[in-house]
Amino acid sequence: MNFDPRYSNRSFSSVGTRPIRPDGVDKVTGRARYGADFNMAGQLVGRILRSPHAHAVIKKIDTSKAEKLAGVKAVITAKDLPDLTDGDAAMYDILDNCMARKKALYDGHAVAAVAAIDARTARQALKLIEVDYEVLPHVTDVDEAMKHHAPLINDAIFTEGLEEKPVKPSNVTKRTQYGHGDVHQGFAQADFVVERSFKTEQTHQGYIEPHACVASVNPDGTAELWVCTQGHFVYRQHCAQLLGMEASKLRVTSSEIGGGFGGKTHVWAEPVALALSRKAGRPVKLVMTREEVFRASGPTSATSIDVKIGAKKDGTITAAEATLRYSCGPYAGMWAEIGAMTAFACYKLENVKTVGYEVLVNRPKTAAYRAPSAPMAAFAVESAVDELAKEIGMDPVDFRIKNAAQEGTRASYGPVYGPIGIGPTLEAVKNHPHMKAPLGLNQGRGMACGFWFNFGGQTCTDLNIGMDGSVSLAVGTVDVGGSRASLSLVAAEELGIDYSHVKAIVADTSSLGYNDMTDGSRGTFSSSMATISAARNAIKVLRERAAQMWDIGVDDVAWEKGHAVAKGEKHGNLGKLSLKEIAAASGKTGGPIAGHSELVADGAGVSFATHICDIEVDPETGSTRVLRYTVVQDAGKAVHPTYVEGQYQGGAAQGIGWALNEEYIYGKDGRLQNPGFLDYRIPVCSDLPMIDTQILEIPNPNHPYGVRGVGETSIVPPLAAIANAVSNAVGVRMSHIPMSPPRILAALEAEREG
Amino acid sequence: MRYIRPLSIEDAVGELARAVGPAAILAGGSDLLVRMKGGFIEPELIVDIKAINGLSDIQETADGFRIGAAVPCAVLGENKALRKAWPGVVEAAKLIGSKQVQGRCTIVGNLCNASPAADSVPALVAAGAKAVIAGPSGKRTIAVESVPTGPGRTSLAKGEIVEAILLDKRAPNSGDAYQRFIPRTEMDIAVVSAGVNLTLDEHGVIKAARVALGAAAPTVLLVAEAAQVLVGSKLDEATLERLAKVCSGACRPIDDKRGTIEFRRKVAGVLAKRVAATAYERAGGK
Amino acid sequence: MAGVAVSTTINGDHVEYLCQPDETLLEVLRDRLGLTGAKEGCGTGDCGACSVIVDNRLVCSCLVLGAEAEGRQIETIEGMAHGDQLHPLQQKFLEHAALQCGICTPGFLIAAKDLLAKNPSPTEEEIRFGLAGNLCRCTGYDKIVRAVQDAANVMKGA
C-alpha cells in the first residue's frame with residue numbers, strides 16, 4: 001500500500017481528548033483476566049526447582065523419587081528441552097536461562113520442573129528431586145567480575161571489540177565505542193574539567209503481576225499458550241523455536257498484563273510450561289511466586305561508570321568522555337552499548353567518546369527495564385554536568401541550554417537529529433514556577449535531562465467495519481497502559497466517527513500478522529501508524545462503495561468527517577453518505593468493509609525530558625523525602641493526554657524508587673537477600689508527592705499525527721535529578737545509587753570528619 | 001495437617017501439649033502465614049485462638065489494662081482509654097504492617113514471633129508490660145522482655161500460650177513514646193527503633209524512666225544506663241546528648257540488608273533523643 | 001490432610017466450601033470459587049493486591065486462612081458495583097485514569113472503600129498513608145489519590 005507516514009499539520013477532533021478506556025470497566029470490576037486468571041479443563045500445576053547456588057556445575061539430577069509421587073504427571077530437566085537452536089547463540093542463552101543445562105549460573109536458575117495435580121503435590125515433588133551440585137566460586141559485582149582473578153562464568157567467552165584478539169577468556173563479552181571528534185584535543189581546550197566515578201545497583205521492574213501462563217500441547221503437535229507478555233508474537237517465535245514447533249501451530253493469546261516495563265519481553269517459564277504440558281499430555285498452569293520473580297526474572301544492570309567532561313569559562317563543553325561497565329547476568333547482552341549510545345545524547349558536542357563493557361556476573365539474566373541502560377548513564381553524566389556548572393559558576397539549567405542538542409546536531413551515537421525537544425524542555429523548566437519556589441532548611445532542588453531513542457518496528461492491524469457502522473480494531477501490540485484507548489481515538493479520528501463507535505482489542509497470534517512487542521515506547525507510535533494506514537485503506541473501500549451506491553466514479557467521492565461526499569458540480573444533488581449508511585448497504589455492494597495494514601513503522605522520533613525535584617534530607621539519619629516533582633517531556637503529539645501524563649508520572653515514580661531505595665542485595669554466598677516487596681522497597685503511596693507534568697508537543701516528522709513514543713523517557717532523568725537535589729540539600733555529592741539512608745548518612749559523616 | 005478453633009484456653013493448651021508434630025498458634029496470622037508460604041514452617045496443627053472467650057477483648061481493670069492475645073492492632077488504636085494512657089504502646093502497635101495487616105496482627109504475635117525488630121516490643125518493654133502465660137502446668141506472669149530469647153526463639157514451653165498482655169494503670173505525669181527508622185514512610189521493618197517511658201515529679205523532673213531499643217541486638221534491649229541518664233533531669237540538651245551516646249554505645253547490631261552497624265548505632269541515639277522528647281512532652285514536661 | 005468445611009457469606013451471598021487447612025482465603029476465592037478479582041502479587045501481605053474486607057476489617061486475603069472465613073461477612077471487588085451501577089470509586093478510577101495495567105486496581109478500590117467508610121473526608125496525607133499497603137508500579141499514585149479525593153467528594157454529596 002502507498003502509505004505516506006509523513007507528518008502534516010492538521011486539527012484534531014478525537015486525538016487529544018481524554019475518554020474512558022475501553023478495557024476500563026473490566027478492570028475496576030475485577031473481571032479483566034490476567035495471566036493467572038485463566039484455567040483449562042484438566043489443568044495441572046507446574047512448579048520450577050531453582051538453584052540455591054550462585055555458580056555450580058550440575059553433576060547429576062535424580063528425578064526418580066519425584067516421578068513416583070502420587071499426583072505427579074511430569075518431571076522435566078534440560079534433557080526434555082533439547083538444544084534445537086542450531087548455532088543461534090542468543091537463542092541458546094534463552095534456552096539455558098529457561099532451564100540450566102550444564103551449570104547453574106545464578107541463585108534462582110531453573111534446574112528442573114514438575115507438573116502435578118495440585119500445588120501441594122508439586123511442592124512436595126520439588127523436594128524429592130535430588131540435584132548433585134559442584135559449587136564453584138562466584139562473582140556478583142560488576143567491577144570484581146572484570147578483574148583478572150575473577151571466577152570465569154563462561155570460559156568460551158573472549159572479549160569482542162578489542163583491537164587485539166584476546167588469548168584468554170574473560171567475563172567481559174564485548175567492548176563497544178561511540179563518539180566523534182578528538183576528546184584529547186577537546187580536554188586541552190577546557191578551562192574546567194570534572195572527572196567522577198559512579199555506581200548504580202541492580203533494580204527490578206517490579207511489576208505487581210508475577211509471570212503466569214497456561215500451556216496446552218495437544219497430541220497432534222498443535223498448542224495453545226495463554227500468557228502475560230509484552231509481545232505474544234515474539235513469545236510464539238521463541239517458544240516454537242525452542243520446542244521444535246512450527247510457529248503457526250502455536251497459538252499465543254496475551255492476557256491482560258499486570259505491568260511489564262520490559263521484564264515481560266523475555267520468555268522465562270513459558271517454554272518450561274509447554275515442555276511440561278507436552279510430557280504430561282495435559283494443560284499446565286505455571287505461575288511464578290514473587291520470590292521467583294525477583295530471583296529469576298527481570299533485573300536491570302548494575303553499573304560502574306566513569307565520566308569526564310571539560311568546558312570553557314563561557315560554559316561551552318569542549319569534550320566529554322565516559323566508560324560504562326554494565327552487568328548482563330550470566331549471558332552476553334548489549335546493555336553497556338545502549339548506555340554508551342545514550343550517555344551524552346542530550347548535548348551538542350564537538351568531541352565525545354563513550355566506551356561500554358558488557359560484563360558477566362552470577363546474577364539473573366539482565367532484562368530490559370524502561371529505557372534500558374539509559375537512566376544509569378544519565379545519572380553519571382547529569383551529575384557530572386551539575387558539578388561542572390557549579391565549578392564554572394553557571395546556573396545548571398543555563399549551562400545545559402547552552403550545550404543542548406538541536407535540529408541538525410550530530411548525536412553522540414551517530415545520527416543527525418531532526419526537530420527535537422531537549423531545548424524546549426529546558427526552556428520550559430527554566431520558566432517553570434517550580435524552579436522559583438522557595439526552599440527550606442535541609443532542602444535541595446535538582447534537575448536533570450534524559451533521552452530515549454524510541455522504537456518503531458513491524459506492525460500489523462485489522463480494522464473491520466460492522467454492518468451497523470461500528471468499528472472493531474484488532475491490534476497486535478499488547479496494551480500495557482491504555483493504548484487501546486489511544487488507538488481507538490486514532491481510528492475514530494481518521495474515519496471521522498465518534499470514539500464510542502470504535503472498540504479495540506489485542507488479537508492473538510493466529511488472528512493477526514506478526515507484531516514486534518510492546519517495547520521501546522513503540523506501542524502507540526507504531527500501532528497508531530498502522531491504524532491510520534488501515535483506516536485509510538478502509539476509507540478507500542468506503543469511497544468505492546459510495547461510488548457504487550451513487551453509480552459515479554470513485555475519483556469523484558471524497559471522505560470528509562465520517563461521510564462520503566460526492567465532488568464536482570454534476571454530483572451536487574447527491575448529498576452525503578455516512579459511514580453507517582455505507583456499512584448498512586455493504587452486503588449488497590461487495591461484502592464486508594475492512595482496512596488492513598502491515599508495515600514497518602520507521603522513524604520513531606527521539607524523545608527528551610527534563611525533570612525538577614525538591615528533596616529534604618534529615619541530616620541526623622540520612623532519611624530523604626521527595627517534596628515536589630515536575631516532569632517536562634516532549635510527546636510529539638499526545639493522543640490521550642491523561643495516559644501520557646500517566647506514563648510521565650509512572651516513570652518518574654520508578655526512577656524515584658531506583659534513586660532512593662531499590663536495590664538487589666546479595667550475600668557473600670551469592671544468594672539474593674531481598675527477594676520480596678518487604679525488603680525490595682518500591683515506593684509506596686505515602687512516599688511520593690503529586691507528580692506534576694507538562695506535555696510539550698514537537699511533532700515527529702515521521703508520523704502522520706506527529707506522535708513520538710512517550711513510555712520510557714520519564715525514567716531516565718530521576719536518578720540524576722534526585723542525586724543533584726540531595727547533593728544540593730546537604731552539600732555532599734552522592735555517587736552511589738540508591739541513595740539509601742545508610743549511604744547518605746555515611747557520606748555526611750565522612751564529610752563532617754573531613 | 002489439622003486446623004482447630006478451640007473455645008477455651010484449656011482446650012487450646014491441651015491440644016498444643018498433645019501435638020506430636022510442629023504446632024502453631026494462629027491469631028492474626030500475619031507472621032505465621034508468611035512463614036508457611038515460604039516453607040519455613042509446616043505445622044501439623046494450627047490452633048486458631050480467636051474463638052476463645054476473652055482473648056479478643058481489651059479490659060480496663062483496677063490495675064490497668066489487660067489486652068487479649070487475639071486483639072488486632074487496629075482495635076488497640078480504636079481504644080481511647082488505652083491510647084490516652086499508653087500512647088507509645090499504641091503508636092508502636094499501629095506501625096506494624098499496612099492497614100490490611102493492622103486488621104489482623106496482634107501485639108502478642110509480634111512478641112512471640114521474637115524478631116529483634118518487632119515494633120511493639122520496645123514500647124511494651126519500656127512500658128514495663130507483662131505477659132500472662134497459660135500452660136499445661138497452670139498460669140504464670142512474666143515481664144515481656146523475658147519472652148523472646150533470641151531471633152525467632154522464645155522462653156515458652158511446649159503447650160504454653162501467651163493469653164494476654166498487662167499494662168499498669170498510669171501514674172500521673174507519665175508519658176511514653178516510640179519511633180522506628182525505616183527507609184520508606186510505611187511497610188518496612190524497623191532498621192532500628194526506640195521506646196521511652198517516663199514519669200515526672202511535679203516539677204517536671206524525671207523520676208522514673210525506661211528506655212528500650214529495637215533491632216539493635218538479638219533481642220530488644222532494655223538500656224538501664226540510659227534510664228539512669230534521664231532520671232533526675234528535665235531533659236536538657238546535655239542529657240539528650242548523653243542519652244544518645246549511651247544508647248549508641250549499648251547497641252550490639254549487625255550488618256544486614258536493612259542497615260549497617262554504624263547506621264544502627266548512630267540512629268539508635270538519634271531516635272532515643274527524639275522519642276524521649278516526645279515522651280517527656282506527653283508526661284506534661286516542658 | 002483433612003478438609004475443613006466452611007460456611008460463610010461473600011458479597012451478601014451464602015457460600016459453602018471445603019478447603020485444606022493451610023489454604024488461604026485468596027486461594028479459596030480464586031481457585032475454588034472463581035472470584036479472581038483479588039490478585040496475588042506477593043503472597044506475603046506486602047502488596048495489597050488481594051485486599052478484601054472481612055467483618056468490616058480490611059485484610060490481605062493471602063494472610064487469612066480459608067478456614068477462618070467460617071461465619072464471616074466477606075466483601076470482594078466482585079461485589080462492589082450494584083448491578084450495572086458502578087461504585088463512585090470505580091467510576092472515578094475510570095475518569096481519572098487511576099489505572100494503567102489495572103492489576104492493583106481491585107485491591108486499591110477495596111482499600112479505598114474501607115478508607116472512606118472510616119474517614120469520609122480524608123486529607124491527601126490520610127489517603128496516601130491509608131493506601132500505603134497497596135503497591136502500584138504504573139501510576140506513581142498521583143491519579144489514584146485524585147480519584148479517591150474526587151470520589152470522596154461525590155460520596156459526601158450523595
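A residue is called buried if 20 or more other C-beta atoms lie within 10 Å of its own, the C-beta atoms being placed from the backbone. The structure discussed here is a predicted model.

By this criterion, 8 of the 8 residues of helix α10 (residues 335-342) of chain A are buried, so the helix is largely enclosed by the rest of the structure. The buried residues of α10(A) are A:Trp335, A:Ala336, A:Glu337, A:Ile338, A:Gly339, A:Ala340, A:Met341 and A:Thr342. Several elements of chain A receive them: the buried residues of α10(A) pack against β7 (172-180), β14 (317-327), β15 (352-359), α11 (374-392) and β16 (443-452).

## A covered strand and its partners

Strand β9 (residues 212-217) of chain A is also mostly covered, with 6 of its 6 residues buried. In a regular strand, side chains alternate between the two faces of the sheet. In β9(A), A:Ala212, A:Val214 and A:Ser216 point one way, while A:Cys213, A:Ala215 and A:Val217 point the other way; all are buried.

Strands of a sheet pair through backbone hydrogen bonds, in either a parallel or an antiparallel manner. β9(A) pairs in the antiparallel sense with strand β12 (residues 284-287) of chain A, over 4 bridges. Within this pairing, A:Ala215 stands opposite A:Val284 of β12(A). β9(A) is likewise joined to strand β10 (residues 223-227) of chain A, by 5 bridges and in an antiparallel arrangement. Here A:Val217 has A:Ala223 of β10(A) as its bridge partner. The hairpin of β9(A) and β10(A) has 5 residues between the strands, and A:Gly221 takes a positive phi near 90 degrees in it.

Chain A touches chain B through 17 residues of chain A and 17 residues of chain B. On the side of chain B that touches chain A, helix α11 (residues 261-282) of chain B provides the largest share, 5 residues. That side of chain B consists of 7 nonpolar, 3 polar and 7 charged residues.

Between chains A and C, 40 residues of chain A are in contact with 41 residues of chain C. On the side of chain A that touches chain C, α1 (24-28) and α19 (641-660) of chain A each supply at least two residues. The largest share of this side, 7 residues, comes from α19(A). By class, the side of chain A that touches chain C has 20 nonpolar, 15 polar and 5 charged residues.

## The domains of chain B

Chain B is divided into domain 1 (2-168) and domain 2 (174-282). The C-alpha centres of these two domains of chain B lie 24 Å apart. Their contact takes 24 residues from domain 1 of chain B and 26 residues from domain 2 of chain B. Elements that each supply at least two residues of the domain 1 side are α5 (87-93), α8 (120-126) and β8 (148-150) of chain B. This side of domain 1 of chain B has 16 nonpolar, 5 polar and 3 charged residues.

## A sheet in chain B

An open sheet in chain B is formed by 5 strands in the order β4-β5-β10-β6-β7, with antiparallel pairing. β4 (58-61) and β7 (138-143) of chain B stand at the edges with a single partner strand each, so one side of each has no neighbour in the sheet. Neighbouring strands of this sheet are turned against each other by 25 degrees on average, direction ignored.

Within the sheet, strand β5 (residues 64-68) of chain B is joined by 5 bridges to strand β10 (residues 161-168) of chain B, and the two run antiparallel. B:Ile67 has B:Ile165 of β10(B) as its bridge partner. Helix α1 (residues 9-18) of chain B packs on the sheet, where it touches β6 (130-135) and β10 of chain B; the direction of the helix makes about 130 degrees with that of β10(B).

## The domains of chain C

Chain C is divided into domain 1 (4-76) and domain 2 (88-157). The C-alpha centres of these domains of chain C lie 22 Å apart. Domain 1 of chain C contributes 12 residues to the contact and domain 2 of chain C contributes 10 residues. On the domain 1 side, strand β3 (residues 51-54) of chain C gives the most, with 3 residues. The residues of this side of domain 1 of chain C divide into 7 nonpolar, 4 polar and 1 charged.

Note on methods:
Residues numbered from 1 in each chain as written. Chains lettered and ligands numbered in written order. Predicted model: local features only at pLDDT ≥ 70, side-chain atom pairs only at ≥ 80, totals over all residues. Contact = placed C-beta atoms within 7 Å. Nonpolar A, V, L, I, M, F, W, Y, C, P; charged D, E, K, R; others polar. Domains from an automatic or database assignment. Buried ≥ 20, exposed ≤ 12 C-beta atoms within 10 Å, placed from the backbone. Pairing = 2+ DSSP bridges. Axes fitted to C-alpha atoms, helices over the stretch in contact; angles between N-to-C directions.
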